[in-house]
Every structure is written in C-alpha cells, then in structure tokens.
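Hi there,

Here is the structure we talked about, with the sequence alongside. My notes follow below; have a look at the model first, then read on.

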Amino acid sequence: MDPDFLNAFTQPSTLDRFLTEDVIAKGEKRKLIKPTSSNNPKLEELKLFLIEWINRTLKEEHIVVKSLEEDLYDGLVLHHLLENLGSLQLDVDKIALTEKKQRKKLSVILEVVAKCLQLEESQLKWSVESILAKDLLSTLHLLVAIAKHFEPTLALPPNVQVETITIESISGGLKTSNAVEYITENKENIEAQSNDAFDELFSCDPDKLDAVKKALLEFVDQHVGKLGLNVKDIETKFSDGVVLLLLIGQLEGYFLNLRNFFLTPASTMEMLHNVNLALELLAEGGLLNFPVNSEDIVNGDTKAIMRVLYCLYSKYRTKEA
C-alpha cells in the first residue's frame, strides 16, 4: 500500500474512523490535509484569525467558536454568520440536532453561499458531506470564501498553503496523490504576474501598447459616455480620480454621493483623496488584488493607470461578451 496513505492517518482517531466506517465509497475521492502541514504556523495563524473573526462578528449572539472542525459542521454558526454578514434570511431551522436535519440545513446554507458568490458546482471546494464530516480543508475554503465576499477588506493571512493527499477508491483498492494547495491567495505570485504582463507590454512593440490603450479607452467611453463624458487620454483624464470614480459607479451599479469626493478637485490633496477612494472601492469589490501607489495615478503614470483600468476591463468585458 502507498506509504503516503498510511502517513495520512497517523492520528488514531482518524485511522479508527476510516477503518470502522465506510468513509470512501467506490469511485469517490477525498482530499485531506497531510499531517506534515498540521503544525504549519501559517495554517495555525489562519485558523486562529478565522475563529477570532467569527467570534467578533457573532459577539452579540453570544456565540463562541473554539474549533473550526467541531463547531461549524452542524450549520448553526454558519447560519448566524450569513444572517449577520449578508442580512440573509435562511428558510431552515437554526438548530438541527439529527444528522438528517443537519445535512438538510447545510444543503440550504451552501446553496445560498454558492448563489451569493456566483459559483458553479464545479468551482466549489466544499460540499455538504465534507463540512458535515468536519473536514478542515473544506471548512477553511468555505470560511475564506465567505469572508472575502462579505468583508473584502478583511486582512486574511496571505499565502497559506498546505500539503494535501487525495484518496480515491478504485476497483483495485485505494489510489493516492499528493499536492500543495493554497487556501488564501499567493499575493506575491499575483503581483508578480500582473507586473510581468504589463512590464512586457511596455517593453514590446509600441503598436501593441497603443492597441491596448485604445481598447481600454473605448471600454471607458462606452460607460462614462452615458454621463456625457468623453475620455480620449489615459495619462491626464484619470489623474484626478473623478472619471475613475464615475466609471466604478457605472459598472458596479451604485451612485456615489457627491459629498464623498471632489467633482472638481482644486489641489493635489483633493486628487489623492479621489484616487484613494477609488482604489478602496476596487479593493472592497474584490477587483484589486495588487498594491497601487495612488501618487502614481495622480502623477499620470500610464502603466499604473492601465493596470487599474484593466481590473475593471477584465471583469466587465467578459460579462459583456
């Protein structure tokens, strides 16, 4: 038998459960965190962070979570969390004592989560069965997804990765495979990829750069044109933050109160205020996943402005297509 399979069950309780229960049916796959990651400081940091976040969020409900595996599997905490974060009313009893009722409750909760996050079934990294089985990996993925959606400014510990083992029941026995899986974003890689793409763009043929500029400007004009604006230049038209704020409002579908920004900024400080507000809105909407220096935008840095515009373009151009 594969030694990795045996190593995955060094904890007696896990091994006993596997031997005494029909944990993996024929044709089924299960992914588990390997014991080699159990003492990972970043993993422990994320677990503690999520526990403190849940307890802080549900303080008024007098709910105290001590263990992610033991306290979330029945759906009660998840129910309260979704009602509190998203003002969602779930058509299911809050307390479910039997496994049948817990499974039904989790089914309703996870269906609501998938709808809120606009995820297809193939994109889900959790399931009713995995949460009910107190699977830590699935529980972490679920909580991180909920946190990122409802509190996008929450400073989740970045770059949390674990070693996993996938166990599959086949006709000849059990097949295993190992992998490394990220639970929170690898921000260094995201930033490097973004920088590499635009650095390459600015160092290649000027015609290609002009073509990208033209596409971004046409995209901007298509939306702010509804407000009677005509944007023809990237370097100067975005430096005061006004067009960027109006564009975000048009795309995200909300009205920006004129008291919250300067429609006709008269100083660099007012321009910085506008740009910082725009970057904050992008970050809250999950559209900005790399650092941007607001002063670069104010100073008309073409590369910085194009990076920000591309965040909007890549999301909404895909929807329009």
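Let me start with the cysteines: the structure holds zero disulfides, counting as a disulfide any pair of cysteine sulfur atoms within 2.5 Å. As a reminder, a disulfide is a covalent bond between the sulfur atoms of two cysteines. C116 counts as partly exposed because its relative accessibility is 25%, whereas C311 is buried, at 8% relative accessible area. Here buried means under 20% relative accessible area, exposed means over 50%, and partly exposed lies in between (1.4 Å probe, protein chains only).

A word on the source: this is a predicted model, in which local features need pLDDT of at least 70 and side-chain atom pairs count only at pLDDT 80 or more, while totals for chains, interfaces and linings use all residues. Residues are numbered from 1 along each chain as its sequence is written, and side-chain values use heavy atoms, with hydrogens and water left out.

The overall picture

The chain has 15 helices and three strands; these are DSSP runs numbered from the N terminus, with helices being H or I of at least four residues and strands E of at least two. Of its 321 residues, 42% are buried. Taking contacts (heavy atoms within 4.5 Å) between residues at least 6 apart in sequence, 60% join residues at least 24 apart.

Helix α5 is largely enclosed by the rest of the structure, because eight of its eleven residues are buried. Those buried residues are V77, L78, H79, H80, L81, L82, E83 and L85. The elements covering them include α3 (41–57), α4 (68–72), α6 (99–117), α7 (128–132) and α8. Just past the end of α5, S87 has a positive phi of about 50°.

How does α5 pack against α8? Helix α5 (residues 76–86) and helix α8 (residues 136–150) meet at an angle of about 15°, and their axes are 11 Å apart. That makes the two helices roughly parallel. Axes here are lines fitted to C-alpha atoms, for helices over the stretch in contact, and angles run from 0 to 180 degrees between N-to-C directions. Angles under 35 degrees count as roughly parallel, over 145 as roughly antiparallel, 65 to 115 as roughly perpendicular and the rest as oblique.

On the α5 side, L78, L81, L82, L85 and G86 meet L142, L143, I146 and F150 of α8. By class, this contact has eight nonpolar residues, one polar and no charged. Ala, Val, Leu, Ile, Met, Phe, Trp, Tyr, Cys and Pro count as nonpolar, Asp, Glu, Lys and Arg as charged, and the others, Gly among them, as polar.

Helix α12 (residues 242–252) and helix α13 (residues 268–284) cross at roughly 25°, with axes that come within 8 Å. That makes α12 roughly parallel to α13. V242, L244, L245 and I248 of α12 make the contact with N274, L277, A278, L281 and L282 of α13. The contact of α12 with α13 divides into eight nonpolar, one polar and no charged residues.

One lysine to look at

K175 lies in strand β3 (residues 173–182), and its 49% relative accessibility makes it partly exposed. Beyond its neighbours within four places in sequence, K175 contacts T166, I167, E168 and I170. K175 and K29 are 146 residues apart in sequence, yet their C-alpha atoms are 9.2 Å apart in space.

Best wishes
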